[in-house]
Amino acid sequence: MTAATLDRPATSARLLSALQVVHWRNLPLMAGLCIAAILMLMPFLWMVGASLRPAGEAYRLPPSIIPREWTLAAYREALGSGIPFVQMYWNSLVVAALSTLGVLITASMAAFAFARLEFRGSTPLFLTMLGGLMVPPALTLIPLYFGFARLGLLDSLSALILPAMASSFGVYMMRQFMLSRPRELEEAALMDGASYWTIFWRISLPQLGPALAALGIITFTTSWNNYISPFVLIKSWDKMTLPAGIVALQGLMGAASVSVVMAAATMAILPLLLVFLVAQRFIIEGMTMSGLKQ
């Protein structure tokens with residue numbers, strides 16, 4: 001009996017299980033989900049299609065998803081424009097990567113303190129930190145502007161990275177996830193004389209894998225799409241990030257080619273799309289385990 005023969009019962013069982021899900025009572029739900037998925041994908045498909053068609057065809061009504069004439073002229077024009085698009089792409093990558101790294105470090109350490117250490121004032125301090133979630137980020141731009149102006153950090157990538165390296169949401173998410181983890185190993189290590197740093201680094205941190213992945217993706221996406229802060233804190237075009245470059249490509253009063261703007265938007269969304277496709281499982285697992293248990 002070959003290995004292929006042995007695998008046939010298992011394969012048949014998996015196929016039967018999959019077919020049982022497609023019950024007639026599930027068909028309306030599945031049809032509704034398919035329609036909703038198509039409606040959500042249509043703007044993205046139109047964006048990609050508009051970037052691959054001539055400028056004149058992009059204005060044609062009714063709009064079509066598939067171009068009649070395929071061309072990469074919009075991408076060449078976006079990369080060869082007077083806007084330093086490639087430099088802005090690099091700036092966005094640096095800011096998003098360093099901001100994400102900073103949030104993962106600060107949030108995990110703060111979550112360990114709130115979830116595992118007992119110290120005076122921990123509850124009021126945690127509630128005060130949660131109050132920061134109610135403050136709109138745009139409300140902090142003016143204080144940040146004057147603070148960075150006094151420090152001489154305006155018009156630099158540091159002005160975008162430093163404020164983004166701490167996140168109240170990240171601390172809350174990591175704390176909730178850590179509270180759902182058993183603490184017996186940490187208590188045993190403490191009784192054996194291990195320091196709090198050793199417990200955090202060798203026991204607590206390895207358990208935070210799904211939460212760290214989910215928080216990292218959320219932070220990277222938020223930083224990548226940050227639109228307001230660069231316009232307030234940055235003046236030089238060569239230090240601007242990608243959202244500012246896309247707005248600049250629109251031209252005065254929106255006179256730029258739609259195809260060029262859609263090409264820039266398509267190139268901007270590719271890193272986020274790749275991140276979500278690779279790590280979507282970690283997002284679901286991390287958000288679920290951090291939100292349902294306490």
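**Core and helix packing**

Mentor: Keep in mind that this is a predicted model. Its largest nonpolar core has 34 residues, and those with the most contacts inside it are F85, W224, L233, L242, I246 and L249.

Trainee: Nice. Which elements give two or more residues to this core?

Mentor: Those are α2 (27-51), α4 (73-79), α5 (85-116), α8 (158-161), α12 (209-224), α14 (242-249) and α15 (258-292). The largest share, nine residues, is from α15.

Trainee: And F85, what is it in contact with, leaving aside neighbours within four places in sequence?

Mentor: F85 touches A78, L79, L242, I246, L249, A264 and M267. Apart from this core there is another one of 23 residues, including I199, F200, I203 and L205.

Trainee: Switching to helices: at what angle do α5 and α11 pack?

Mentor: About 115°, with the axes 11 Å apart; α11 covers residues 196-204. Angles of 65 to 115 degrees count as roughly perpendicular, so α5 is roughly perpendicular to α11.

Trainee: Is that crossing left-handed or right-handed?

Mentor: The α5 and α11 crossing is right-handed. On the α5 side, S108, M109 and F112 make the contact, and α11 brings in Y196, W197, I199, F200 and S204.

Trainee: Zooming out, how many helices and strands does the chain have?

Mentor: The chain has 15 helices and zero strands. Of its 294 residues, 34% are buried.

Trainee: What about the accessible surface?

Mentor: The chain has about 18000 Å² of accessible surface, and carbon and sulfur atoms account for 71% of that.

How values were computed
Residues numbered from 1 in each chain as written. Predicted model: local features only at pLDDT ≥ 70, side-chain atom pairs only at ≥ 80, totals over all residues. Heavy atoms only, no water. Helix = DSSP H or I, 4+ residues; strand = E, 2+ residues; numbered from the N terminus. Buried < 20%, exposed > 50% of the residue type's maximum accessible area, 1.4 Å probe, protein only. Areas by Shrake-Rupley, 256 points an atom, 1.4 Å probe, with all protein chains shown as cover. Core = buried A, V, L, I, M, F, W, Y, C linked by side-chain atoms within 4.5 Å. Contact = heavy atoms within 4.5 Å. Axes fitted to C-alpha atoms, helices over the stretch in contact; angles between N-to-C directions. Parallel < 35°, antiparallel > 145°, perpendicular 65-115°, else oblique. Left-handed = near helix turned anticlockwise from the far one by under 90°.
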